[in-house]
Amino acid sequence: MNEIERIKALSNAFGPSGMEDDVIALVREECSAFHCEEDHMRNLYIYSSTSNTKQEKPIIHLDAHGDEVGFIIQAIRQDGMLRFLPLGGWEAKNIVGNSVLIRNVDGEIVQGIVCSKPPHFMKQSEKGKAIAFDDLLIDVGATSLKEVQESYRIQIGCFAVPNVLCSYDERHDIFMGKAFDCRIGCAALIETMYQVQNMDVAVQGTISAQEEVGERGMKCAIQNIHCDVMIAFEGCPADDTFEESYMIQSALRKGPMLRHFDCSMITNPRFQRFALDVAKRHHIPVQESVRSGGGTNGAISHTHLRGIPTIVIGIPVRYAHSSYGYTTLKDYQNAVKLAVAIIKDLTKEMVASF
């Protein structure tokens with residue numbers, strides 16, 4: 001696929017935390033030039049065929065998580081309505097009235113609607129109250145538990161995602177779709193590996209599982225990774241719609257974001273400075289951020305287990321962790337340019353100084 005079609009396909013893929021199979025199958029197909037392996041958590045390991053014959057370059061690992069925020073069916077009521085739980089960080093108010101896709105026990109897709117009590121039937125004391133997940137149900141159009149189980153073939157434990165198809169507006173250079181956190185990062189990882197495959201460098205990648213529920217996939221994958229430095233691609237929340245102007249640090253069309261700090265990680269300051277210097281030297285627009293919340297797989301490689309020098313290259317995504325989001329081809333392309341330039345310029349001596 002070309003880059004635009006790849007991004008759309010990755011966005012459309014069904015892949016909530018714990019059910020990343022379709023995403024991994026798609027990435028395997030797109031990475032046919034590389035050797036790929038899976039583990040039982042559905043982490044995908046991608047190995048470049050480049051040999052690093054001169055042994056002058058460090059081993060560089062790229063990561064992007066394949067899962068998206070989604071839902072899991074918790075229980076089925078006698079009237080056929082479905083109770084569900086969120087997978088990842090959702091705001092309940094953002095999904096009321098939205099359509100979802102449920103994968104049933106036969107692997108087929110069933111459409112449903114996220115619903116809450118209509119205002120016509122609310123007591124006065126219920127009106128205006130904040131909505132919680134306990135107030136929400138999924139309606140697939142059934143009228144009984146038996147119909148849900150026997151006709152729709154839905155059981156507890158089935159997974160669901162927003163019912164959204166990705167589109168690309170070429171005139172305005174903008175994608176609208178779901179799961180850009182972190183499918184836009186997956187696309188950047190794939191393209192980066194292809195762009196460096198003929199360089200004399202050693203690069204490997206992971207499409208990691210279950211990041212949205214506590215970086216669980218990377219906690220497993222890191223034990224199978226042997227590298228000198230890591231770059232974590234992310235679809236990072238854009239902040240150019242609700243923040244004051246002086247606080248905007250991840251705007252659309254301003255380039256990828258290099259994160260100094262979040263609640264899970266203080267980025268290696270020497271690797272971060274190297275990346276910023278590379279961006280300046282190669283005239284690649286970048287943004288810098290310091291976040292009071294958030295967290296990425298970079299924390300696992302950098303702080304939790306191995307102490308691997310790690311940076312996060314974030315591609316801004318408006319309305320991450322909701323059904324619909326925006327991201328731009330320009331920011332994605334500059335993220336790839338930055339990663340390629342870093343890989344090209346890194347030496348073992350430089351890594352030793354980190």
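In the predicted model, phenylalanine 271 has a relative accessibility of 0% and therefore counts as buried. The ring of phenylalanine 271 is paired with that of phenylalanine 354: the ring centres are 4.9 Å apart and the planes lie at 20°, so the pair is stacked. The two residues come from distant parts of the chain, 83 residues apart, with phenylalanine 271 in helix H6 and phenylalanine 354 in the segment after helix H9 (348–353). Phenylalanine 354 has a relative accessible area of 12% and is likewise buried, because the limit for that class is 20%.

Phenylalanine 271 also takes part in the packing of helix H6 against helix H8. The axes of H6 (residues 269–281) and H8 (residues 329–345) come within 10 Å and cross at roughly 110°. The two helices are therefore roughly perpendicular to each other. On the H6 side the contact is made by Phe271, Phe274, Ala275, Val278, Ala279 and Arg281, and on the H8 side by Leu338, Ala341, Ile342 and Asp345.

Glu3, Ile4 and Ile7 of H1 meet Leu329, Tyr332 and Gln333 of H8. The residues of this contact comprise 4 nonpolar, 1 polar and 1 charged.

The model contains 8 aromatic pairs in total. In one of them, the rings of phenylalanine 84 and phenylalanine 133 have centres 5.9 Å apart and planes at 80°, so their arrangement is edge-to-face. This pair also joins distant parts of the chain: phenylalanine 84 belongs to strand E5 (residues 82–87), while phenylalanine 133 is in the loop between strand E7 (109–115) and strand E8 (137–139), 49 residues apart. Both phenylalanine 84 and phenylalanine 133 are buried. Together with Phe71 and Trp90, these two residues form one aromatic cluster. A further ring, that of phenylalanine 14, has arginine 103 over its face, at 4.6 Å from the ring centre.

Lysine 178 is located in the loop between strand E11 (174–177) and helix H4 (180–195). Beyond its neighbours within four places in sequence, lysine 178 is in contact with Ser11, Asn12, Ala13, Glu68, Val161, Pro162, Val164, Arg183 and Ser323.

When neighbours within four places in sequence are left aside, glycine 298 contacts Ala232, Met265, Thr303 and Thr310. The C-alpha atoms of glycine 298 and threonine 192 are 18 Å apart, for a separation of 106 residues in sequence.

Cysteine 236 is placed in strand E13 (residues 229–237). Not counting residues up to four places away in sequence, cysteine 236 touches Ser250, Met257, Arg259, Gly314, Ile315, Pro316 and Val317. Cysteine 236 and glutamate 5 are 231 residues apart in sequence, and their C-alpha atoms are 21 Å apart.

Some backbone features were also noted. Most residues other than glycine have a negative phi, and most peptide bonds are trans. The peptide bond from aspartate 181 to cysteine 182 is cis, with omega near 10°, and cysteine 182 is found in helix H4. Glutamate 215, a residue other than glycine, has a positive phi, near 55°. Glutamate 215 lies in the loop between strand E12 (202–208) and helix H5 (216–221) and is buried, at a relative accessible area of 18%. Histidine 321 also has a positive phi, near 65°. Histidine 321 is in the loop between strand E17 (310–317) and strand E18 (325–327). The relative accessible area of histidine 321 is 23%, which lies between the limits of 20% and 50%, so this residue is partly exposed.

Key
Residues numbered from 1 in each chain as written. Predicted model: local features only at pLDDT ≥ 70, side-chain atom pairs only at ≥ 80, totals over all residues. Heavy atoms only, no water. Axes fitted to C-alpha atoms, helices over the stretch in contact; angles between N-to-C directions. Helix = DSSP H or I, 4+ residues; strand = E, 2+ residues; numbered from the N terminus. Parallel < 35°, antiparallel > 145°, perpendicular 65-115°, else oblique. Contact = heavy atoms within 4.5 Å. Phe/Tyr/Trp six-rings, centres within 6.5 Å; stacked < 30°, edge-to-face > 60°. Buried < 20%, exposed > 50% of the residue type's maximum accessible area, 1.4 Å probe, protein only. Lys NZ or Arg CZ within 6 Å of the ring centre and 35° of its normal. Nonpolar A, V, L, I, M, F, W, Y, C, P; charged D, E, K, R; others polar.
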